[in-house]
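Subject: Structure handover

Hi,

Here is the structure I promised to pass on. Please open it first, then read my notes below.

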Amino acid sequence: MTAAFEPSQVQRRALAALATYTTLTLGFMAELKVGTRRQLGAELATLERKGWIGSTTQAPLVSGVKRLPFLFWLTPRGAQAFAALPEGFEARGASMRLDTMREIEHRLGIVAVHMGLRLWAAEAGLPVPWFVSDFDPRASMLHKATTMTFGGLGRFQPDGIGAVETAPGEARLFVLEVERGGAQGRLQTFRRKLPYLRELCERHLIEREYQSRFGVRFLVVFATANMRERALRLWPEPEAAVWQRFFVKDLAELKPDFNGGWWKPGRERGPLFPL
């Protein structure tokens, strides 16, 4: 009789991380202190043979030059096995399909923000009761998991939406947009999106959808400092009161202080969540 498989501590941490973030790289797992890169290679290979996780078969190339890291995710079988562990929680595995390099890079940007948020919140002793990304496995076949519908404004599908509990019973809502702008770092799509985001903010539609008593913060994270600087320079009416609820960074600015140093469109800087 074959003994039941008992995952190691590294494997348990890997399963928990994948259940939380959906898609991870070896670098992300090392940053989360799941294990060292040397440990992870063998430990993840065992989980993949068990059918508990999936991975890209080869690191994909971008434009034939830039090689992206290997990606890992939790399978439906792995989600079921993880939920049965004493420390497990309900998660949903995925049959991952990533069609374009742009989609991969965009997804990794969302994960980087999600990780930065949770690592900072854990250090500050603040709960993150929930976070949903647009590629969450719970999404339907027709709509992304973050989809909201607002009458004449149609569907809003942010890259992420979640909350941080800055005090007992005070969950602060936020939505996330990660802007990569393609290979050239273009801002046309973002600039077309701004009037729509402004109207959502002015009409308080998102906080009503989620019945939030504390408003909503709009996080806009750009792929590069150059994109972030150009976006701030071109921002329409940057001193308007509505933009005070918008917080801007580039991916490199998420470290070492996730909460501090967020730009407002009017160029002042400050914390995302004053504590």
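Start with one term: buried means under 20% relative accessible area, exposed means over 50%, and partly exposed lies in between (1.4 Å probe, protein chains only). A second one: helices (H or I, at least four residues) and strands (E, at least two) are DSSP runs, numbered from the N terminus.

Now the ground rules. This is a predicted model, where local features need pLDDT of at least 70 and side-chain atom pairs count only at pLDDT 80 or more, while totals for chains, interfaces and linings use all residues. Residues are numbered from 1 along each chain as its sequence is written, and side-chain values use heavy atoms, with hydrogens and water left out.

**The whole protein**

The protein has eight helices and 14 strands. Its C-alpha trace spans about 70 × 50 × 40 Å along the principal axes. For 275 residues, a compact globule would have a radius of gyration near 19 Å, and the protein agrees at 19 Å. That radius is taken over C-alpha atoms, and the globule rule is 2.2 Å times the number of residues to the power 0.38. Of the 275 residues, 50% are buried. Now count contacts (heavy atoms within 4.5 Å). Among those with a separation of 6 or more, 60% come from residues 24 or more positions apart.

Look at strand E11, residues 216-222. Seven of its seven residues are buried, so E11 is largely enclosed by the rest of the structure. Val216, Phe218, Val220 and Phe222 point one way from E11. Arg217, Leu219 and Val221 point the other way. In a regular strand, side chains alternate between the two faces of the sheet.

Which strands pair with E11? (Two strands pair if DSSP finds at least two bridges between them.) Strand E10 (residues 170-179) runs parallel to E11, joined by seven bridges. Here Phe174 stands opposite Arg217 in E11. E12 also runs parallel to E11, and five bridges join them. Val220 stands opposite Val248 in E12, and Val221 stands opposite Lys249.

Strand E12 covers residues 246-250, and five of its five residues are buried. Phe246, Val248 and Asp250 point one way, whereas Phe247 and Lys249 point the other.

**Helix H3**

H3 has 13 residues, 37-49. At 1.5 Å a residue it should span 18 Å, and its end C-alpha atoms are 18 Å apart, which agrees. The expected span is 1.5 Å times one less than the number of residues.

Leu40, Leu44 and Leu47 are buried in H3. They cover an arc of only 55 degrees around the axis, which puts them on the same side of H3. The arc is that of the directions from the helix axis to the C-beta atoms. On the other side, Arg38, Ala42 and Arg49 are exposed.

What do the buried residues of H3 pack against? Their partners are helices H1 (9-21) and H2 (26-31), plus strands E2 (53-55) and E5 (72-74). Just after H3, Gly51 takes a positive phi of about 80 degrees.

**One glycine**

Gly116 is in helix H5 (residues 101-124). It counts as buried, at 17% relative accessibility. Gly116 and Thr22 are 94 residues apart in sequence and 15 Å apart in space, C-alpha to C-alpha.

Best wishes
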